[in-house]
Amino acid sequence: MKINKIYRNKIYLDNEEIMDISPLIRQKYNLKVNDNIERFYDEISYEASFEKGVFLISLKDRTKKELRLKLEEKYRNKPAILKAIEKLEEFGYLSDLNYAMSYIESRKYGKNRILYNLFQKGIDRNTVEEAYLALEEEKEENIDDRKLEKLIEKNSNKIRKNNERNEKKIKEEQKFVQYLARQGFSLDKIFKKIKEHKENTE
């Protein structure tokens, strides 16, 4: 597998493949016309697919299927493309779940149409259902946050200031924390919101 021609960021191979490569890859493998790249072909294809994938995702969000089809327009080595997509997913550049969540939030369509549209983009029903569930949990958490913030604001007189050593005030705040816990709020969230309240009122 020889290089017939190198022009700008493309190499032209004798199997008629035209491969997009970056100057970094070209320099790394010291690629020149007439070089036989057969033993490096998989590595070059993978690295080029990965770099191109990062670039394409930076232009707009894509599903794994959309990115795969786009990369297959540029490269012939399908195993290398799949490996690059797996690595992009591992690094967090690519996520069908996040794509589905964003799509659901930004569209006014009903669920059936969203399911159909996302299926066309390569996202299965289970992932879409998971996205709906994640959004619902996120929404519920935001509602809980607002309820807790309102309770803290309403009872701000029961919260001591930072570094305040008044024994009575300390006990009053402890009782208030216990009250909030009985209302169903987690202690982690209670302490976090009280801390935020203190920082905002100082």
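**Helix packing and a buried alanine**

Modeller: Just so you know, this is a predicted model. Let's begin with a helix pair: Glu 173, Val 177, Leu 180 and Ala 181 in H8 meet Leu 187, Ile 190, Phe 191, Ile 194 and Lys 198 in H9.

Biologist: Nice. By class, which residues make up the contact of H8 with H9?

Modeller: That contact has seven nonpolar residues and two charged ones, with no polar residues.

Biologist: And at what angle do H8 and H9 pack?

Modeller: About 130°, and their axes are 10 Å apart. H8 covers residues 167-182 and H9 covers residues 187-201. That angle makes H8 oblique to H9.

Biologist: Is the crossing of H8 and H9 left-handed or right-handed?

Modeller: Right-handed.

Biologist: Switching topic: where is Ala 100?

Modeller: Ala 100 is in helix H5, which runs over residues 96-106.

Biologist: Buried or exposed, that Ala 100?

Modeller: Buried, because its relative accessibility is 0%.

Biologist: What is Ala 100 in contact with, leaving aside neighbours within four places in sequence?

Modeller: Leu 118, Ile 123 and Ala 131.

Biologist: Last one: what does UniProt say about residues 95-131?

Modeller: An unreviewed UniProt entry annotates them as "domain: RecX second three-helical". In the model, that span is 76% helix and 0% strand, and its end C-alpha atoms lie 11 Å apart.

Technical notes:
Residues are numbered from 1 along each chain as its sequence is written. This is a predicted model: local features need pLDDT of at least 70, side-chain atom pairs count only at pLDDT 80 or more; totals for chains, interfaces and linings use all residues. Side-chain values use heavy atoms; hydrogens and water are left out. Axes are lines fitted to C-alpha atoms, for helices over the stretch in contact, and angles run from 0 to 180 degrees between N-to-C directions. Helices (H or I, at least four residues) and strands (E, at least two) are DSSP runs, numbered from the N terminus. Angles under 35 degrees count as roughly parallel, over 145 as roughly antiparallel, 65 to 115 as roughly perpendicular and the rest as oblique. A crossing is left-handed if the near helix is turned anticlockwise from the far one by less than a right angle, and right-handed if clockwise. Contact means heavy atoms within 4.5 Å. Ala, Val, Leu, Ile, Met, Phe, Trp, Tyr, Cys and Pro count as nonpolar, Asp, Glu, Lys and Arg as charged, and the others, Gly among them, as polar. Buried means under 20% relative accessible area, exposed over 50%, partly exposed in between (1.4 Å probe, protein chains only). UniProt positions are given in the numbering used here, feature names are shortened, and annotations may be inferred rather than shown by experiment.
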